[in-house]
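Thank you all for coming.

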Amino acid sequence: MVAMASVFVVCAAGLLSIHLLGGPGPADPPAPTSQVAATSAGLTPSAADVPEPSSMVVPEPGKPKGDKRSPAELGSAVARAVRAGGSASGVGVLVLDTGTWRELATSDADRQFRSASLVKLLIAIDAMQSGLSSNAELRTMLAASHDGIASQLWVETGGNAMVQRQARKIGLSRTAPPLDPMHWGDTKVTARDLGKVYRHVLTELPKAQREVIVGALAAAPRVAADGFDQHFGIPYGLPEVQWAVKQGWAQGRAGVDLHTSGLLAERSKVVVLLSTHAPGTGYSRAAKSLTAGAGELGGLF
């Protein structure tokens, strides 16, 4: 029975990873890298797998800091910048000040999106709390967005039950497990619920666990474990701002989902930008639209 159970876990993990974009990448955690000049963790992507690098948004010289727009106005401006790319059918925006937890930008923040790799934040939190994984393994899963590790831990943490458990603990009102429990990337999330996840990481987790997560996000290499350029959105859109990011990307019959999220400017801001695009949209086009949306937030920094 033990042998059969082990086979089931391995097979289940394999099936889970098929849902996303590629096979597992390097087994060792990526070495810390500089922010904008970050490189891959030793992976050589193929042109077929990687979108063209999104152009960085260069801040206007002498532009004063401090965006005076209301949260709704700024959130709408970000959403418009994403939609200007021509393919986004849905955009969710939330920006929080971590000193007061006041909303600085918001637009459709309670709309549900397919999580793609953003669910790895919940997997990491649960795995640490249950002692199911080493810190090195969790760093690799988060920094390199390693699907193989995520698939294994999804099974070990209970999958759908884990999502429901963490939603109750953190107070996520619009986060829901996937209809097909084998597809962890189909977990439903919202910008506002992800803001709560980042707040939970910063204010509720023990320091050691918090630093594992934030340190991994700050060391995210340009090329992820599956060969994808994951520096779209926040890294390219706000090149002068210090960041610790978790990105998400997935495609299927419902379309293309691309997300950028993280802690910015020495953890003083939480930024979450979620998007879904029409079926057939190229990743490069979608990535450029997310980068433009993130660039709209430059006045806050």
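Predicted model: local features only at pLDDT ≥ 70, side-chain atom pairs only at ≥ 80, totals over all residues.

Let me start with a term: a salt bridge is a side-chain nitrogen of Lys or Arg within 4 Å of a carboxyl oxygen of Asp or Glu. Residues are numbered from 1 along each chain as its sequence is written, and side-chain values use heavy atoms, with hydrogens and water left out.

Now the overall picture. The protein has ten helices and seven strands, where helices (H or I, at least four residues) and strands (E, at least two) are DSSP runs, numbered from the N terminus. Of its 301 residues, 54% are buried; buried means under 20% relative accessible area, exposed means over 50%, and partly exposed is in between, with a 1.4 Å probe and protein chains only.

Which residues touch the most other members of the largest nonpolar core? In the largest one, which has 46 residues, they are Leu121, Ile123, Leu138, Met141, Leu142, Ile213 and Leu274. Several elements each supply at least two residues of this core, among them strand E1 (88-97), helix H3 (120-130) and helix H8 (207-218), and H3 gives the most, with seven residues. A second, separate core of 32 residues includes Val95, Phe228, Trp249 and Val271.

Since aspartate 147 lies in helix H5 and lysine 120 in helix H3, the pair ties together parts that are 27 residues apart in sequence. Aspartate 147 counts as buried at 4% relative accessibility, and lysine 120 counts as buried at 0%.

Another bridge joins the side chains of aspartate 126 and arginine 165, at 2.9 Å, N to O. Here aspartate 126 lies in helix H3 and arginine 165 in helix H6, so this pair ties together parts that are 39 residues apart in sequence. Aspartate 126 is buried, with a relative accessible area of 3%, whereas arginine 165 counts as partly exposed at 26% relative accessibility. There is also a network of salt bridges that links Asp67, Arg69 and Glu296.

Finally, consider helix H10, residues 283-295. Its 13 residues should span 18 Å at 1.5 Å a residue, and its end C-alpha atoms are 18 Å apart, which agrees; the expected span is 1.5 Å times one less than the number of residues. Ten of the 13 residues of H10 are buried, so the helix is largely enclosed by the rest of the structure. Those buried residues include Tyr283, Leu290 and Gly295, and what covers them includes helix H2 (71-83) and strand E7 (269-277).

By contrast, what about arginine 253: buried or exposed? This arginine 253 is found in the loop between E5 and E6, and at 85% relative accessibility it counts as exposed.

Conventions
Contact = heavy atoms within 4.5 Å. Core = buried A, V, L, I, M, F, W, Y, C linked by side-chain atoms within 4.5 Å.
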